Amino acid sequence: IGGVLDMMRSLPAMYADDATAFIYECARTNPPVTSLTTVVTEPTTITWGGKEVVLPVGTPLSAVLATANTDPRVWGPDAHAFHTARDYSQLLSWNGPLGGRRGSRFCP
């Protein structure tokens, strides 16, 4: 419990130090939108399990942002830790990059 309390006590200072990074880290560890669903509008090739797979037009596609944002391959071995000294260029959130594109936000 002591470690959790120490971390909670450090949050105001982390926010004061870099508010933008603090908000990004909040969105990364506890995203306001946890998943998205779309439909493929043109044939799309993805890598799945080390193999290239072609998704035909009309294929439903879902992404779980909540787990992607804690992938140790992207965020490092401390992916589940909250700290603001990260490169947020790979952050997947309501209007973050997905498939190399930035989309509009649909939620209010």
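User: How many aromatic pairs does the structure hold?

Analyst: The structure holds 4 aromatic pairs. Rings of Phe, Tyr and Trp (its six-membered ring) pair if their centres lie within 6.5 Å; planes under 30 degrees apart count as stacked, over 60 as edge-to-face, and the rest as tilted. Tyr15 and Phe22 form one that is edge-to-face, with 5.5 Å centre to centre and 90° between the planes. Keep in mind that this is a predicted model: local features need pLDDT of at least 70, side-chain atom pairs count only at pLDDT 80 or more, and totals for chains, interfaces and linings use all residues. Residues are numbered from 1 along each chain as its sequence is written, and side-chain values use heavy atoms, with hydrogens and water left out.

User: Are Tyr15 and Phe22 buried or exposed, or partly exposed?

Analyst: Start with the cut-offs. Buried means under 20% relative accessible area, exposed means over 50%, and partly exposed lies in between (1.4 Å probe, protein chains only). Tyr15 has a relative accessible area of 43%, so Tyr15 is partly exposed. Phe22 has 13%, so Phe22 is buried.

User: Which tilted pair is there?

Analyst: Trp75 and Tyr88 form a tilted pair, 6.2 Å centre to centre with 45° between the planes. This pair links distant parts of the chain: Trp75 is in helix α4, Tyr88 is in the segment after α4, and they are 13 residues apart. Trp75 is buried at a relative accessible area of 7%. Tyr88 is buried as well, at 13% relative accessibility.

User: Which residues do ring pairs link into a cluster?

Analyst: Tyr15, Phe22 and Phe82.

User: What is a nonpolar core, and which residues make up the largest one?

Analyst: The general idea comes first. In soluble globular proteins, nonpolar side chains tend to be buried together. A nonpolar core is a set of buried Ala, Val, Leu, Ile, Met, Phe, Trp, Tyr and Cys residues joined through side-chain atoms within 4.5 Å. Here the largest has 5 residues: Ala21, Trp75, Ala79, Tyr88 and Leu91.

User: Where is Ala79, and what does Ala79 touch?

Analyst: Ala79 sits in the segment after α4 (72–75). Its relative accessibility is 1%, so Ala79 counts as buried. Contact means heavy atoms within 4.5 Å. Not counting residues up to four places away in sequence, Ala79 touches Arg28, Thr70, Asp71, Pro72 and Arg86. Ala79 and Arg28 are 51 residues apart along the chain, and their C-alpha atoms are separated by 9.6 Å.

User: What about Thr84?

Analyst: Thr84 is also found in the segment after α4. Thr84 is buried, with a relative accessible area of 17%. Leaving out residues up to four places away in sequence, Thr84 touches Met14, Ala21, Phe22 and Glu25.

User: How many helices and strands does the chain have?

Analyst: There are 4 helices and 4 strands. Helices (H or I, at least four residues) and strands (E, at least two) are DSSP runs, numbered from the N terminus. From the N terminus on, the elements run α-α-β-β-β-β-α-α.

User: What do the totals for the chain say?

Analyst: Buried residues make up 23% of the 108 residues. Take contacts between residues at least 6 apart in sequence: 49% join residues at least 24 apart. The accessible surface of the chain comes to about 7,800 Å², and 60% of that belongs to carbon and sulfur atoms. Accessible areas come from the Shrake-Rupley method with a 1.4 Å probe; for residues, only the protein chains shown count as cover.
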